[in-house]
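Please keep the sequence and the structure in view while reading.

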Amino acid sequence: MRNGFAVLALAATVAGCTAGLEPGKPVPAVPAIRTVTPVWIGGLRLVSENSEHENCHWETTYPAVPGADDLTSTLRDAVHRRLTTFFQANGGSDEQCQALARGDASPEISINSDFLVASGDVVGVEMTTFDFMATGDGTSTRSYWFDGATRKTVPATELIAGDALDRFTEILVNGLSGHDGVDTAAVKEALGPDRRASTLTDLAFTESGGLVVQFDQGAVAAVPAGRQLVVLSPADAAPLLSDLGRRAQREAVQPGQRLDLPGVPVASPAPTTTAAPPTAQPVDCLQVKCVALTFDDGPGPYTAQLLTNLEQYNAHATFFVVGQNATYNADLVHRAAAAGHEIGNHSWSHPSLPKLSDKDVRDQFDRTDQAVGKATGARPALVRPPYGALNDTVRAAAGRPLILWSVDTEDWKYRDSAVVTKAVLDRTKPGDIVLMHDIHQTSVDAVPAILAGLQDRGYRFVTVSQLFGGTPLTGGTSYDANPGAFGRG
Ligand code: ZN
């Protein structure tokens, strides 16, 4: 599966060309690259990190794949290297990036991954980076291939047989010739034996086994010409592939629904029943002190622990989930909904939504609605935009109440349970909405002390919808607390 705005940005900007096409002919549509959602891999998780700072937006997600440790560490290192470059371009560090107030022009980087192949003994991951401050559309892509036979991550060029590389690059040179901004001599040099490993970084397959070769802006053409693409038909690709390439192509054409690597647990079957919450005692927040604890960006590795802690205090909370995380943790989303917690929509991949087109914003919400719907049987009634960033397009696309917050723990910044606990206990008033993130261990560890402290003061822990009780909420309107709640004064 592709990130919604990734594929749209690609379609809009890639100069496509089928190998052998005469220059000057119409550019064909970008073919559908095969991507998979390997819910069959037990223990697969997405590692998400982000900054919620208004001056410096960054979000990174990569998969941690059981049985493919070398791939996981390669992806993690790639993310950290790219993030370091981003900070260097914006003050030098995350802290300095945050300190530079820039009004509406806050820098933003978003790094996400899609599985190209994840069955048999091959895993292919395409990492897409959007640098919103970069020239052009700021997109760059790279595919990483893990070979179960050697248990190593290899460069994309390893999909091609060693003795076919010259023939392959010849086809690419022909395919690129005639594109705007392409200088054939420069392309030959960029694809020559010395440089091809750093130029040919993104190879992927179509659903019929065609080979898609993508080039970042500036790699093989003048920068204003944008990204470039060459597609080889399955018949043209077949004689060029290495043994790994053939295995990868086979799994792309017909995904095996099973990853055959040592140490990969089989996934437990996805929940299929509707997660109807138990008939909870109704709470009237006009009569008793209420607070709505909210947890964003998950589900993640600590969400199960959080659910157990909440249950011990008979507390209900609201989870604003990121769609791509919900997809791989459907069991946790189901468990949360079944326990009476509320599930809200926090976008698919956590971009700053006002920077996206109307269509891409809707796509971010729709895909998350579908992921949550699959896990719980219900569409989220509430939306929280990443970074709290809103404009009219986002309000209209959400079509539901937009839930912000009145107590910001800044837990993502401090990563300290004592600080998070103190922030909540010092600042919470009845009717408040408290913002935390369950992707951080320190935040989840703070929850028992928060629940104990607020319970001692007579608080009931309710979902956001319960907090507003009888007050009807309006689609497209933002809310940060219930000013009419009991005890708020
Ligand atoms: Zn968030």
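## Disulfides, sheet and helices

The structure holds 2 disulfides, a disulfide being a pair of cysteine sulfur atoms within 2.5 Å. In general, a disulfide is a covalent bond between the sulfur atoms of two cysteines. The model is predicted: local features need pLDDT of at least 70 and side-chain atom pairs count only at pLDDT 80 or more, while totals for chains, interfaces and linings use all residues. Residues are numbered from 1 along each chain as its sequence is written, and side-chain values use heavy atoms, with hydrogens and water left out.

The two links are set out below.

| Disulfide | S to S distance |
|---|---|
| Cys-56 to Cys-97 | 2.0 Å |
| Cys-285 to Cys-290 | 2.2 Å |

The torsion about the S-S bond of Cys-56 and Cys-97 is about 95 degrees, so this disulfide is right-handed. Cys-56 lies in the loop between β1 and β2, whereas Cys-97 belongs to helix α3 (residues 94-99), so the pair ties together parts that are 41 residues apart in sequence. Helices (H or I, at least four residues) and strands (E, at least two) are DSSP runs, numbered from the N terminus. The link of Cys-285 and Cys-290 is left-handed, with -85 degrees about the S-S bond. When the bonded cysteines are counted along the chain, the disulfides follow the pattern 1-2, 3-4.

Are these cysteines buried or exposed? Buried means under 20% relative accessible area, exposed over 50%, and partly exposed in between (1.4 Å probe, protein chains only). Cys-56 is buried, with a relative accessible area of 0%, and Cys-97 counts as buried at 0%. Cys-285 is buried at 3%, and Cys-290 is buried at 0%.

The sheet comes next. An open sheet is formed by 6 strands in the order β1-β2-β3-β4-β5-β6, with mixed pairing; two strands pair if DSSP finds at least two bridges between them. β1 (45-51) and β6 (152-154) stand at the edges, each with a single partner strand, so one side of each is left without a neighbour in the sheet. From one strand to the next, the twist averages 20 degrees.

β1 runs antiparallel to strand β2 (residues 57-64), and 7 bridges join them. Helix α2 (residues 69-89) packs on the sheet and touches β1, β2, β3, β4, β5 and β6, where contact means heavy atoms within 4.5 Å. The direction of α2 makes about 170 degrees with that of β2; axes are lines fitted to C-alpha atoms, for helices over the stretch in contact, and angles run from 0 to 180 degrees between N-to-C directions. Helix α8 (residues 243-253) also packs on the sheet, touching β3, β4, β5 and β6, and its direction makes about 90 degrees with that of β3.

Why is strand β4 (residues 122-131) largely enclosed by the rest of the structure? The reason is that 10 of the 10 residues of β4 are buried. In a regular strand the side chains alternate between the two faces of the sheet. Both faces of β4 are covered: buried residues include Val-122 and Gly-124 on one side, and Val-123 and Val-125 on the other.

Strand β3 (residues 108-119) pairs with β4 in the antiparallel sense over 10 bridges, and Ala-118 has Val-123 in β4 as its bridge partner. In the hairpin of β3 and β4, which has 2 residues between the strands, Gly-120 takes a positive phi near 60 degrees. On to strand β5 (residues 139-147): β4 and β5 run antiparallel and are joined by 9 bridges.
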